[in-house]
Amino acid sequence: MQLFDFKFDKGSVWLVGAGPGDPGLLTLLAYKSIKKADVIFYDALLDDHILSIAKPKAELVFVGKRGNKKSINQLEINKLLINEAKKNKRVLRLKGGDPFIFGRGGEEALSLKLNKIPYKIVPGTTAGIAGLAYAGIPATHRDFNTSITFISAYGAGGEKPETINWNSFSKTSQLIVVYMGLERINWVCSELIKQGRDKYENIAIISNATKRNQKVLISNLKDCSINFDKSIIDSPALLVVGKNVLLSPILNWYVKDKENINFFKERKNNYEYYNSI
Ligand code: SAH
């Protein structure tokens, strides 16, 4: 096997991560497989520019969630992947970020394995890494953290996951990155405060990370949920809690427009008071 092994066989399925938005973050394997695929099953978060790489004859099938409309379920997606592979097509399952980070890639890979369909996993840059970089937040910084915690605020059935041990995370997680947390921001912040995090600890909300309309809102655990402007901060978004957030106003390189780093106006002094590097 060569190091850069590109062979997209007919009758196989590739589970490919497309990164969080910026098409420049596609890996070479992702790019080449999108060009080559006969059918692409894609999710809601994907940028149209990425889909435009597909060959003109490729079939593009949306299988993501759209608003509150009933969406196709996971078993149906698994079945589609298997059926199309059995038709001897090159099947691409294209996902936002990384397929194995809160992306149900494991479920799909298992069903392919059980049905003896050849498959390949192409990792992508997960939002919780790339999104932070585009917001000027180093995911690790030696003065601040030696670990990162990724949390999903939604369980498999849409519930608040009982497996999140807020007490333990609160005490031991130096940098917490919450996926799917915007709708549950009150819950996330209040649990963290309840379990001992300083209510003035920094939180960044990064919305539409790595896309042209990326926005970063910086606040603290106590204040962040009150009245943030939903027309500015929208899904998809990440919540980032920890000292590393301090660096965002300094290192933010992606969006030059000052408006795109937002503090609550009346909270800016507060932020500066609590944060001196
Ligand atoms: N597999 C994906 C995560 C899917 S879960 C990955 O590895 O990134 C969906 C959640 O990911 C969203 O609710 C949001 O929290 C986060 N997310 C994905 N793309 C994002 C983006 N461009 N900006 C901010 N958050 C994003």
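The largest nonpolar core has 37 residues, and the ones that touch the most other members are I203, A204, I205, I206, L238, L239 and V240. The biggest giver is β10, with 5 residues. Take V240 as a way in: setting aside its neighbours within four places in sequence, V240 is in contact with L132, I137, V177, I203, A204, I206 and V245. Apart from this core lies another one, of 28 residues, including V39, I40, I50 and A54.

Stepping back for a moment: this is a predicted model. The protein chain has 277 residues, 38% of them buried, and it holds 9 helices and 11 strands. Among its contacts with a separation of 6 or more, 73% are between residues 24 or more positions apart.

Now for the sheet. Its 5 strands come in the order β3-β2-β4-β1-β5, the sheet is open, and the pairing is parallel. β3 (59-62) and β5 sit at the edges with a single partner strand each, so one side of each has no neighbour in the sheet. From one strand to the next, the twist averages 20°. Inside the sheet, β1 and β4 run parallel and are joined by 5 bridges; L15 has R93 in β4 as its bridge partner. Helix α1 packs on this sheet, touching β1, β2, β4 and β5, and its direction makes about 130° with that of β1.

Which residues of α1 (28-36) are buried? They are L29, A30, S33 and I34. Looking down the axis of α1, these buried residues fall within an arc of 130°, so they line one face of the helix. Their cover includes β1 (13-17), β2 (39-42), α2 (48-51), β4 (91-95) and β5 (119-122).

Elsewhere in the chain, β6 (149-152) and β7 run parallel, with 4 bridges between them. Together with helix α6 (166-172), β6 and β7 make a right-handed β-α-β unit.

| Strand pair | Direction | Bridges |
|---|---|---|
| β1 and β4 | parallel | 5 bridges |
| β6 and β7 | parallel | 4 bridges |

That leaves a loop residue worth a look. N244 has its place in the loop between β10 and α8 (248-251). Is N244 buried or exposed? N244 counts as buried because 25 other C-beta atoms lie within 10 Å, where 20 or more is the cut-off. Leaving out its neighbours within four places in sequence, N244 is in contact with I137, P138, H141, F144, N145 and L175. How far is the C-alpha atom of N244 from that of I176, 68 residues apart along the chain? The separation is 10.0 Å.

Notes. Residues numbered from 1 in each chain as written. Predicted model: local features only at pLDDT ≥ 70, side-chain atom pairs only at ≥ 80, totals over all residues. Helix = DSSP H or I, 4+ residues; strand = E, 2+ residues; numbered from the N terminus. Buried ≥ 20, exposed ≤ 12 C-beta atoms within 10 Å, placed from the backbone. Contact = placed C-beta atoms within 7 Å. Core = buried A, V, L, I, M, F, W, Y, C linked by C-beta atoms within 7 Å. Arc of directions from axis to C-beta. Pairing = 2+ DSSP bridges. Right-handed = clockwise from strand over helix to strand, strands pointing away. Axes fitted to C-alpha atoms, helices over the stretch in contact; angles between N-to-C directions.
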